[in-house]
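This briefing describes a protein structure for a reader who is new to the subject. Please keep the sequence and the structure in view while reading.

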Amino acid sequence: MKLNIRLWFLVALCLIGTVKNSAQVAKGGKKISTDLFGLFFEDINFAADGGLYAELVQNRSFEYNPGEKREWHPFSYWEFILPGHSLGHISVETNSPIHPNNPHYVTIDAEYIGNYPKVKAESGVGLKNYGFDGMVIRQDEKYNLSMFVKQITDAPMDFIISLQTPKGEVLAQTKITTSAKSWQKYTAGLTATAGNDSASLVILAKSSGKFAIDMISLFPEKTFKSRPNGLRADLAQKLADMHPRFMRFPGGCLVHGDGVGNMYRWKNTIGPVEERKGQRNIWGYHQSVGLGYFEYFQFCEDIGAKPVPVVPAAVSCQNSGGTHVIGGMGQKALCMDNMDDYIQEVLDLIEWANGPVTSTWGAIRAASGHSEPFNLEYLGIGNEDKMTPEYEERFRMIVNAVQKKHPEIKIVGNSGPSHGGTDFDKGWQISNEMQVSVVDEHYYVQPGWLLSNQNRYDQYNREGAKVYLGEYASWGNKLKNAIAEAAYMTGLERNGDVVQMASYAPLLAKKGFTQWTTDMIFFDNVNILLTPNYYVQKMFMTNQGDYYFDEVITKEENNNLLAASCIQKSMTGDVILKLVNAGTDDKVMKVDLSRFKDLHKNAQIEVLSGKASDENTFDNLQKVAPTISIYTVKNKFEYQAPAMSLTVIRIKTK
Ligand code: AHR
């Protein structure tokens, strides 16, 4: 009886909560997706290694090779050093690695540790790594070193490990002594007494002897959320600040890869980092997969974004063989003989993400440090694939298997690399026939296209699969590009009943290492350049709602340089107006809020505006950035939208 009373009390509380929530939403609103705006991360433009992944050592496991870049080899970015007139030999070997997935390692014979009195530097025999164009070391901060060493001679080996400026000044130093003739992991912390933006890591054997060394890693202790094997805190924070509803990963073309042998296989990217299988990515450089599936899921959880992994549809990218041939030119399909295993791999991913610790793959996830499920809801199958019969057959097989075993998973199908055409139509047709939940569309266009096509989704069929605009951008990072995107995004909100998700692409680009010129965030080792496109995305992402209202904002008719939307967030009752002017003159828009009850007069207004050609550069990082202030609203008011601007007005209810 007591239990029943408690139960009724709980039910009553829930009902009151529901009534309260719905009471805060005005009448006449259209329900829209609560997952509308999110992120798309791909390891393109050195976005992962040397970028978001905080590892400071480049080529830490000696796996770079000429198949990745012609000039690369296992010893790239390392130097063999013998300061103090020491003597020794080095070789790269593969006979008995730490793990077969990580075949190369270095063997050093430290024959003689010099003691030349005129040399100031520490003497010894060893290695130096310059990181990704120098390591950024900050004064008083701690850096965690780890390395695998195997003594080949009997006696323990002494090492001095230091962080040094380009002139050889020591910023931090520590000692390690080995203790085994088998591969062992040794760790040490280094706290810097001074900082430098171009530092290097120096590992010196101080006793003569022979040893093998591999997987030399250095992380700042201050990673995002202090995660081990974590992410660069400042960059990750910029993504967290956007409050994305979801994050799609790991690509892009990187997913389906350059030939079947180059597809991104999620199982190669989990577990101890020294056992992961790095490979060249389709963008022509090495991916260590230190930032692998566990880290992607963990990051999503850390920033409150739903994970949206994408697995290959068992075919490679249609552009395979573009620069380096692995599987021959064009799209290649996995053999039918391999399909059962491949489908199992996809099903295992769902178990790994969501299964209990008692399941095989749930236990593997738990062993990585996450016993709770990751709550995977969406799974992408394929990336803008060419709609060949080989693709279709495999896509249908994978979808069938997932639907049968996991009807709870929302499958994201795909529709080729363009906003129309044969692949687009065929992709939609197949996806609808298979009754997948969402279809991924991709298009990179001129800003004018976005302005003229703001109504694209007004006519979309509301009965079939929903849309995930998984990759889009206008070509450019000037304010005019960002404002055209903002105008288009108001159309996505208006159609939020059929557009389930949208993400700008690509996300990150390292200065001087880009394969794609238009990106959302540029960075070097020290600075982060937020483009106007970033600010537009952030203004939309941090101002999402779940009800859309027509007829709140009136603007000049038949002028596609103007766009606007009005949404409400039922949890808080906040009313959010977005007003876009992509023209060169200020324009008045009329706002009628009379349908909303109990609004506060003082609203928050955020405005991004400037000249069409304005952009941020590494010399002027803040030229274009939004301003935030208080704005007084009335039931009915006129707003003068500045030329080339996005305005977001957020009004709280009492
Ligand atoms: O975002 C860059 C690339 O554009 C993606 O890898 C691919 O899906 C698209 O062609």
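**Briefing: domains, a helix and a loop residue**

Between them, domain 1 and domain 3 bury about 2,400 Å², with 69% of this on carbon and sulfur atoms; buried area is the accessible area (1.4 Å probe) that two parts lose on being put together, summed over both. The model is predicted, so local features need pLDDT of at least 70 and side-chain atom pairs count only at pLDDT 80 or more, while totals for chains, interfaces and linings use all residues. Residues are numbered from 1 along each chain as its sequence is written, and side-chain values use heavy atoms, with hydrogens and water left out.

**Domains and their interface**

- The chain is assigned domain 1 (39–54 + 224–542), domain 2 (78–220) and domain 3 (549–651); such bounds come from an automatic or database domain assignment.
- The contact (heavy atoms within 4.5 Å) involves 29 residues from domain 1 and 36 residues from domain 3.
- Taken over C-alpha atoms, the centres of domain 1 and domain 3 are 30 Å apart.
- Leu479, Ile483 and Met539 provide 28% of the area that domain 1 buries against domain 3, more than any other three residues.
- The interface of domain 1 and domain 3 has 2 salt bridges, a salt bridge being a side-chain nitrogen of Lys or Arg within 4 Å of a carboxyl oxygen of Asp or Glu.

**Helix H7**

- Helices (H or I, at least four residues) and strands (E, at least two) are DSSP runs, numbered from the N terminus.
- Helix H7 (residues 389–405) has 17 residues and should span 24 Å at 1.5 Å a residue, which agrees with the 25 Å between its end C-alpha atoms; the expected span is 1.5 Å times one less than the number of residues.
- Among the buried residues of H7 are Tyr391, Phe395 and Val402, where buried means under 20% relative accessible area, exposed over 50%, and partly exposed in between (1.4 Å probe, protein chains only).
- The buried residues of H7 pack against helix H5 (339–354), strand E18 (378–381), strand E19 (410–414) and helix H8 (422–433).

**Asp574**

- Asp574 lies in the loop between strand E28 (562–568) and strand E29 (575–581).
- With a relative accessible area of 2%, Asp574 is buried.
- Residues touched by Asp574, leaving aside those up to four places away in sequence, include Ile567, Arg650 and Thr653.
- The side chains of Asp574 and Lys652 are joined by a polar contact of 3.1 Å; a polar contact is a pair of N or O atoms within 3.5 Å, and within protein one must be able to donate a hydrogen and the other to accept it, while residues adjacent in sequence count only if both atoms are side-chain atoms.
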